[in-house]
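Please look over the sequence and the structure below. This report goes through selected features in turn.

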Amino acid sequence: MSATTLLSFSNLQLAFGHHPLLDHAELAIQPGERIGLIGRNGAGKSSLLKIIDGRISPDDGDIMRISGLKVATVEQEPELDDTLSVLEYLTGDITQSEDWQRPARAGALIDQLGLDPDAGIAGLSGGMRKRVALAHALAEEPDLLLLDEPTNHLDFTGIAWLEKLLLTARCSVVIITHDRRFLDAVTTRIIELDRGQLFSFPGNFSQWQQRKAEWLQAEQQQNAKFDKFLAQEEVWIRKGVEARRTRNEGRVRRLEQLRRERAARRTVQGNVNLAVAEGQKSGKLVAELINVSHSYGDHCVIRNLDLTIMRGDRIGLIGHNGAGKTTLLRIILGQLQPTEGTIRLGTNLTIGYFDQMRENLDENASLADTISPGSEWVEIGNQRKHVMSYLEDFLFPPARAHSPVSSLSGGERARLALARMFARPTNILVLDEPTNDLDIETLELLEELLQDYSGTVLLVSHDRAFLNNVVTQTLAAEGDGKWGEYVGGYDEWLAQRPQSSMAEESQPKSRKKETPQGTPQPAERTRQNRTGRITSWEQKELDELPDAIARIEQEQANLTEKLSDGTLYREGPDEVERINTRLAVLETELEKLFARWEALEEKKQN
């Protein structure tokens, strides 16, 4: 192991069940690395983290850690001490560790994350518990930070905060996540756990995708050559008397070795086969909300909302944790009566619901009974499938069909919940955080299915890439119960949102509102104003600014109008990306022009 290597292992082996999770795997982690660990659900990613931090031991292999290595782990569903307050949990018992600076670090993290130091752990939401767990790990000042699905339960602001923190962190980081945008933003290396082996790719997720496609093609070609050669040797050995007479012992031994190698090859696991049983079409109108408001005591989450949802709409609901997204979903579906206003539901509505916590799954039921209780068959459109075959479409082998739901991992539970929802005829799909626990391949297949689905989709998600790829409209919480409607997905909302939007209002308490690039700070403005009266060339610049601003606003309007064409997202994704990039550039230019206009106007008044 290199003197600077934090941790390395070689020939590592770990098995649970028939196939090994780690099969003579090799890994080395260097200081300052930010590694994205990806792989199929059940591949063994979480088990690998447990080996790294010492919670479990491998069956075989060598592990070397640098002396004094400090590792901190944030699990997917962190277990916290519910008897403590936030401050007590973060500071810990410093008399034992003699870490006298820890209270100061804990206080700074509490401010950064907008946490209430006196709040009890027991009463925190899932998102707040995740923030507390992250703060606790960071307060340890680890050399190596392990994060298992850190973006689950975080809102956009929390994800942005975590991205910024990891980009400036002094420790090395290993991250398990399905969030492709997050991986692109923070990682310096992608490691894929595939069929027991660890494959390393330098760069971020998008770069990995390209390299992985090239690597798979090369592997396929190599396997094809191997199989062709093996087939030729099998023909030779079966020639009978002539082959036995010649008795080329070396060739026979080589054939036996080829057979062993072919038997040991672990082929790529197939993809989930997603198909949805679409029911009869709903009426053209799905739901109409007229002047709807809803409050919990003095807390208003929806205020005077008018909303019309038509058949075929794919709407994304976004907002900070606690903004009322799930409440609004329930009102739209007629499951909750609002405090004020009128709701009119369309006709022939058949709803499939995918809930965030998978609470609709019966822990004691078998997988087969969960999919098709009382029957061995599932009807998918015009196709009739045996429940065993249908479960195999979702990567559940027949041997597990009678296992209880309680035996499943988080990713397997998510796949089962999707399988059950898709097995029932629907014309409205309601998905509340569907991306949590799903692997990236399944996410991409789910995106394709939703793009082709002829019914209506209502989606709550903090996965920015998933929103961009699925929805054609966005409904965003903007504070004080107000909701805004926007054409397009997350990036389109980002370009069009008002300055008083949800993202700014939900910032942690200590985060200062960022000044747009090019906006003079107060001290800088004072220095500018002290330079004297406005000059003639500055006056000329000031006179020209309104026209320049108008030109940019017109271009923004034209581009936004293009994005309103729903077919563009299916037929021209590259054009959508180009338009979004241009809109971001225009927004920056516009902010600079407004800042310059303000500065010159102030100077003119002196």
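The report covers salt bridges, helices and a sheet.

## Model and salt bridges

This is a predicted model. The structure holds 20 salt bridges. Several are described here.

Glu 33 and Arg 189 meet through their side chains in a salt bridge, at 2.8 Å from N to O. The pair links distant parts of the chain, 156 residues apart. Glu 33 sits in the loop between strand E2 (20-29) and strand E3 (34-38), while Arg 189 belongs to strand E8 (residues 189-194). Glu 33 has 13% relative accessibility, so it counts as buried, the cut-off being under 20%. Arg 189 also counts as buried, at 13% relative accessibility.

## Bridges between helices

Glu 163 forms a salt bridge with Arg 464, and their closest N and O atoms are 2.7 Å apart. Glu 163 lies in helix H6 (residues 156-168) and Arg 464 in helix H16 (residues 464-470), so the bridge ties together parts 301 residues apart in sequence. Are these two partners buried or exposed? Glu 163 is buried, with 12% relative accessibility. Arg 464 is buried too, at 7%.

Asp 491 and Arg 181 make another salt bridge, with 2.7 Å from N to O. Asp 491 is in helix H17 (residues 490-496) and Arg 181 in helix H7 (residues 180-186), so this pair ties together parts 310 residues apart in sequence. Arg 181 counts as partly exposed, at 28% relative accessibility. Elsewhere, salt bridges with shared partners join Asp 53, Arg 55 and Glu 75 into one network.

## Helix H1

How many of the eight residues of helix H1 (residues 45-52) are buried? Six are, so the helix is largely enclosed by the rest of the structure. The buried residues are Lys 45, Ser 47, Leu 48, Leu 49, Ile 51 and Ile 52. Gly 54 follows H1 and has a positive phi, near 85°.

## Packing of H4 and H5

Helix H4 (residues 102-113) packs with helix H5 (residues 126-139) at an angle of about 145°. Their axes are 10 Å apart. The crossing of H4 past H5 is right-handed.

Which residues meet at this contact? H4 supplies Arg 102, Arg 105, Leu 109 and Leu 113. H5 supplies Arg 131, Ala 135, His 136, Leu 138 and Ala 139. By class, the contact has five nonpolar, one polar and three charged residues.

## A six-stranded sheet

Six strands form an open sheet in the order E14-E17-E18-E12-E19-E20. The pairing is mixed. Strand E14 (351-354) and strand E20 (483-487) stand at the edges. Each has a single partner strand, so one side of each is left without a neighbour in the sheet. From one strand to the next, the twist averages 15°.

Strands of a sheet pair through backbone hydrogen bonds, in either the parallel or the antiparallel sense. Here strand E17 (residues 428-432) and strand E18 (residues 456-460) pair in the parallel sense. Five bridges make up this pairing. Asp 432 has Val 460 in E18 as its bridge partner.

Technical notes
Residues are numbered from 1 along each chain as its sequence is written. This is a predicted model: local features need pLDDT of at least 70, side-chain atom pairs count only at pLDDT 80 or more; totals for chains, interfaces and linings use all residues. Side-chain values use heavy atoms; hydrogens and water are left out. Axes are lines fitted to C-alpha atoms, for helices over the stretch in contact, and angles run from 0 to 180 degrees between N-to-C directions. Helices (H or I, at least four residues) and strands (E, at least two) are DSSP runs, numbered from the N terminus. A crossing is left-handed if the near helix is turned anticlockwise from the far one by less than a right angle, and right-handed if clockwise. Contact means heavy atoms within 4.5 Å. Ala, Val, Leu, Ile, Met, Phe, Trp, Tyr, Cys and Pro count as nonpolar, Asp, Glu, Lys and Arg as charged, and the others, Gly among them, as polar. A salt bridge is a side-chain nitrogen of Lys or Arg within 4 Å of a carboxyl oxygen of Asp or Glu. Buried means under 20% relative accessible area, exposed over 50%, partly exposed in between (1.4 Å probe, protein chains only). Two strands pair if DSSP finds at least two bridges between them.
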